[in-house]
Amino acid sequence: MSFAIKVFLSSIELSAMIVLSLTMFRFQYYYYLHKIYGTAFIMSLITFYFRDIVELGTFSVISALSAEIILIMIIYRIPFFYSLLVSVTGFIAGVIIESAVMLSGIKLGLFDPVQIQQSVAVLGSIQLITAFIISLIIYPLQRRKIGFLFKTKYLASRTALKGYNFILSAFLVLSIVLAQLELISFYNHSMNIVSSTFIAFIFLIGIYIAYIHNKKIIRETYERPVRDELDRSLSNEHSKSNPK
């Protein structure tokens, strides 16, 4: 029974993380909510299968994240690298928020690391609070349409290791490694604000790099054609006013 409760509560938190991912990259999600929850449920099932049944908790992050990447790729029909970027970004953002909730609760004396691992009520409360905070972040992003607007062709697998995409790939790999280390520290009761702050710092650098890359893509996609068309129009006007 406790396993089912853990899976259900975790699926709510993971659903919020996935929606945050999609919102950050301006994907439509209203018509895919059932598929998003299905993805979150599968991720949650995989996570607690590794944690509670086979007791290989350190593999839960990689396994659950891999499932999300594959399912988002299938649902939205986007390249693997694009799905990787979307999934990891939202997942790491969720990990940072969840870590902040955990550390705040520990510092305030509301619970301790042992209770987080052993008490379904404590862990569930953390997950629901995290989901609520993520929802508060999603609302202004969605309302003001804040987010990245990448074009699929710039994030195809064949360009994943070129230019800015190579740097993004490096940060994605680093983020996954850091998330894995954070999970290990959680199991060893050694979570601390320094490691969580470092993960947040790396995440912000990755977001900034993605912003610069996105700005370049938007400029090449929208501004350059307009400028070229304006140059052609001026050239034609000049030719008409100065006939040979």
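**Figure 1. Helix H4 and the residue that follows it.** Helix H4 has 28 residues, and its first and last C-alpha atoms lie 40 Å apart, close to the 40 Å expected at 1.5 Å a residue. The expected span of a helix is 1.5 Å times one less than its number of residues. Helices (H or I, at least four residues) and strands (E, at least two) are DSSP runs, numbered from the N terminus. The model is predicted: local features need pLDDT of at least 70 and side-chain atom pairs count only at pLDDT 80 or more, whereas totals for chains, interfaces and linings use all residues. Residues are numbered from 1 along each chain as its sequence is written, and side-chain values use heavy atoms, with hydrogens and water left out. H4 is mostly covered, since 23 of its 28 residues are buried. Buried means under 20% relative accessible area, exposed means over 50%, and partly exposed lies in between (1.4 Å probe, protein chains only). After H4 comes Gly-109, which has a positive phi near 75°.

**Figure 2. The chain as a whole.** The secondary structure comprises eight helices and zero strands. Of the 244 residues in the chain, 45% are buried. Contact means heavy atoms within 4.5 Å. Among contacts with a separation of 6 or more, 76% are between residues 24 or more positions apart. The accessible surface comes to about 13,600 Å², and 66% of this area belongs to carbon and sulfur atoms. Accessible areas come from the Shrake-Rupley method with a 1.4 Å probe; for residues, only the protein chains shown count as cover.

Figure 3. Which residues of H2 are buried? They are Ile-36, Thr-39, Ala-40, Met-43, Ser-44, Thr-47, Phe-48 and Phe-50. These residues lie on the same side of H2 because they cover an arc of only 155° around the axis. The arc is that of the directions from the helix axis to the C-beta atoms. An α-helix has 3.6 residues a turn, so residues three or four places apart point the same way. On the other side of H2, His-34 and Ile-53 are exposed. The buried residues of H2 pack against helices H1 (2–24), H3 (60–76), H4 (80–107) and H6 (120–143). Just after H2, Glu-55 has a positive phi of about 55°.

Figure 4. The side chains of Lys-6 and Asp-52 form the bridge, at 3.1 Å from N to O. The pair links distant parts of the chain, with Lys-6 in H1 and Asp-52 in H2, 46 residues apart. Lys-6 counts as buried, at 14% relative accessibility, whereas Asp-52 is partly exposed, at 33%.

**Figure 5. The nonpolar cores.** A nonpolar core is a set of buried Ala, Val, Leu, Ile, Met, Phe, Trp, Tyr and Cys residues joined through side-chain atoms within 4.5 Å. The largest has 50 residues, and those with the most contacts inside it are Leu-22, Phe-25, Phe-27, Tyr-76, Phe-91 and Ile-92. H1, H2, H3, H4, H6, helix H7 (163–187) and helix H8 (193–241) each supply at least two residues of this core. H4 gives the most, with 12 residues. Apart from this core lies another, of nine residues, including Phe-48, Met-102, Phe-111 and Ile-126.

Figure 6. Thr-130 belongs to helix H6 and is buried, with a relative accessible area of 0%. Beyond its neighbours within four places in sequence, Thr-130 is in contact with Glu-13, Gly-94, Ile-97, Glu-98 and Val-101. Leu-71, in helix H3, is partly exposed, with a relative accessible area of 23%. Not counting residues up to four places away in sequence, Leu-71 touches Thr-39 and Ile-42.

**Figure 7. Positive phi in two loop residues.** Arg-26 lies in the loop between H1 and H2 and has a positive phi of about 60°, although it is not a glycine. Arg-77 is in the loop between H3 and H4, and its phi is also positive, near 55°. Arg-26 counts as partly exposed at 38% relative accessibility, whereas Arg-77 counts as exposed at 77%.

Terms used
Salt bridge = Lys/Arg side-chain N within 4 Å of Asp/Glu carboxyl O.
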